[in-house]
Amino acid sequence: MSTFIYIVTYLAIVVFVAAVLRRIIHYLKNPIHVRWELYPVPHEGKKASYGGSYLEDSGWWEQERKTSLVGTLKAMIPEMLFLKAVWENNRPLWVVTFPFHFGLYITVGFIGLLGLTAIIQLSGIDVAGSHRLKPVVALISFLGPLGFILTIMGAIGLLYKRLTDPGLRNYANFEHYFNLCLFITTMGVAVLTWLFVDPTFNLARQFLVNLISLKMTAIGSFLFQLQVLLAMFTIAYIPLTHMSHFFMKWFLYHDIRWGDEPNINTPETDKKIGIVLNYPVTWSASHISGHGKETWAEVATFNPAAESEKGKE
Amino acid sequence: MKKNKMLKITDVSKDSEKLTSVSIDDLMSIPADLDDIDWAELPEETREKYICILDDVNILPIPKPLTTKDEEELVNKFIEGMRKLFTKENNWTFLTMLETTMEHCAKCNTCSDSCHLFEASGENEMYRPNYRTEVFRRIYKKYVQKEPLARWRSGDIDLNWQTVARLGEMAYRCNICRRCAQTCPIGADNALVAREIRKIFSQEMGITTPELHDKGSMMQLKTGSSTQMNKIVVKDNVEFIDEDFSEETGYEFETPWDVEGADILLIHNAGEIMAWPENIAAFSMIFQAAGISWTLSSELAAYDSINYGVFYDDVQFARTAILQAQAAKNLGVKKIVLGECGHAHKALTVIADRVLPEPLKVPRESCFPILRDIVMSGKIKFDPERNNFPVTLHDPCNITRLMGIIKPQRDIVHKLCPQFREMHPHGPYNYCCGGGSGYAIMSRNNIPEWRFKIAGRKKLEQVLNAFSDCRGPDTKKYVCAPCSNCKGQLRDIFDRYNLLEAEQLTYGGIVELIVNAMVDVNPGYIKWEEY
Ligand code: SF4
Ligand code: SF4
């Protein structure tokens, strides 16, 4: 059984990484798209405070283009950490979705810290017994249960909303309910494991040590093993669903919503436009097809109305 | 719970006479005594020829299938178009945005309350921004992407001719104002989906609205303008405007045409020439007074900035943008400046930015920064007292939310209009006028009724609230709406509710306010006359 748990863990990590990469690569392999930005765009510096852009200046293409990283961070951090858009536009949902997301962030932080202490342990230091590492160990013991419980509370709240709000229920499908139940179960088992099997997370740390050092030594109880299995399934499953928005949001914001980079002195963009204009067009409507024009460049420089007028002459 | 609120996604496929209906009692109440009446019945000819099974309106004329084969063909053509929509070759322009919206929407409905149509209709489910998207997404997942377990994972849908017809019609129950997209925590875009559906119908099925296509973009490609004015007629008309307004204002001016090497090629929405000649004249007077080197062009499509492709068809969009850029190149101007037309602003400045090939790249900018610079420069003498009446500013979505041009217009009205007041919300968070994405030019069937009762309702509420301290017929009021489409919508809705008489309410552009305050011009450029 222990070996199986380790194999599942390795596999889950591989699936997670592969699924994340697959989505990112698919996105990046798409051709150039037209600009479709939405204001306010936070990297517009001072203008961003009222939703303004560089297009507010006459002769904007002659000015040096300045973008503000501080502005971007000022918009990104509250959005990522506190779900600002939901807070501003859907407060009743925020009350449940915020603890859910924040609980997950805390859980990720908890796993990160646990991993760090596992590496320290691998270097020969007894983490549990170390006086200097006591605050870190205490922090881990605090963050773990906090993350689990917040996530459970949020997920139950979301489930309740999905079931009772007719607007949300109309758009929910089996996957929504399954996902929420999965989080409630996984985190519920994590709480039970913490309460009854591994209150110090020493077992969890040892599991990570074994994992890193490729030693498939037998671990813990049934509850602990169940927790690992559920956690691994969840990790592998998330990027296969719409929940992949947790990393794809970066592209949706930076490349689309805030993607206001003008095509000025950007030969790379011109090159990409050259490529797409040579793509074949197969739309069937009569104003596009049937004129012997095959590529976007040919179709877009052809005037069907002028041609039909000529035909009448 | 109201019947309409219980509309399910799968109801879209039902073999029923109508999917939904918004009654007068459902409508959002606003601070005015509006004499709204029930929907006028669609003309018999429309009902006989086209599918009218969504609600009480018909905007997209989809020919009625007469046989089972016709029904199947409608579905097959749609699905074929949908497949093409998800290929990079046919849809490189928007594929990335479309795919991400299909994949990452959390179905949280955070976007719902941002939509003025959802609110105005009394939260009719069909108007929820995500409703049409969800129908579209389910079809995509089940029939195009063929996702394993799609029924369970993404929800089921029955793809029949009713689904296709209603989806097409629903794509024309959205102003594509993207206010919903602005509130989405993920970055998904329901407005885009409405436009993509319109594209399938136009680019694959050859079905679109006559106003946008035959009388719109095709007419522009044929004669040079959707107004049908060819180059001789347009030059004649502008010459007439020059003479007429020179006489009326006491300010002699002449609009230059086809000046090679001018600094600026100004492109107006040619609809202004017919409907609001005072806007054309005002631009000419301001530019002449400021000593600007500028010209209009009489080349095909270059004297009309409209680009209706933005609303429904990428190919038509590209064709028009290319003609306009080519005209600028031919004249050798330093830049194109767009007149007061929102969609034209976005089309040529932003969207065309990654469509125009290298040889056609010419700098393009909005008229507002240069107008602001002129007003602030001191080159022209103004008397703001001439504008001493309540003024509010409508923000065209294309110029503000989609381009971030917020402050230049405000600098002008703050300087020239002592009684300026904002609408709330404004700037990038504004509400659409209700005419956005093509409706402002539609008066077929009972479309105007829809524009008044639902699409324009929120804007009307905003306007009335902005003037809450001076309501009634005793105070003249002005809504500055620097966009031809928005002006068309405001004109019609003010007219419908008799607001000139009841509220002394008129509308116009920003250049009219500038000229109205010019000391060298006879007073009274802006008039409170019949719209
Ligand atoms: S589009 Fe965005 S805001 Fe609207 S339901 Fe989807 S995720 Fe939520
Ligand atoms: S784009 Fe505008 S009109 Fe269309 S659904 Fe979104 S908010 Fe409503």
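This is a predicted model: local features need pLDDT of at least 70, side-chain atom pairs count only at pLDDT 80 or more; totals for chains, interfaces and linings use all residues.
The size of an interface is often given as the accessible area lost when the parts come together. For chain A and chain B that area is about 7800 Å², of which 58% lies on carbon and sulfur atoms. On the side of chain A, the residues that lose the most area to chain B are A:Trp36, A:Tyr171 and A:Trp283, which together account for 13% of what that side buries. Counted by residues, 81 from chain A and 95 from chain B take part in the contact.

Several helices of chain A each supply at least two residues of the side that touches chain B, among them helix H1 (2-29), helix H7 (174-196), helix H10 (245-257) and helix H11 (267-277). The most comes from H10(A), with 7 residues. Sorted by class, the side of chain A that touches chain B holds 41 nonpolar, 26 polar and 14 charged residues. Salt bridges across the interface of chain A and chain B number 4. A:Asp270 and B:Lys361 form a salt bridge, with their closest N and O atoms 2.9 Å apart.

The other site to look at is ligand 1. Around ligand 1 there are 13 residues, and B:Cys105, B:Cys108, B:Asn109, B:Cys111 and B:Cys184 come nearest.

How values were computed:
Residues are numbered from 1 along each chain as its sequence is written. Chains are lettered from A and ligands numbered from 1 in the order in which they are written. Side-chain values use heavy atoms; hydrogens and water are left out. Contact means heavy atoms within 4.5 Å. Buried area is the accessible area (1.4 Å probe) that two parts lose on being put together, summed over both. A salt bridge is a side-chain nitrogen of Lys or Arg within 4 Å of a carboxyl oxygen of Asp or Glu. Helices (H or I, at least four residues) and strands (E, at least two) are DSSP runs, numbered from the N terminus. Ala, Val, Leu, Ile, Met, Phe, Trp, Tyr, Cys and Pro count as nonpolar, Asp, Glu, Lys and Arg as charged, and the others, Gly among them, as polar. A residue is near a molecule or strand if one of its heavy atoms lies within 4 Å of it.
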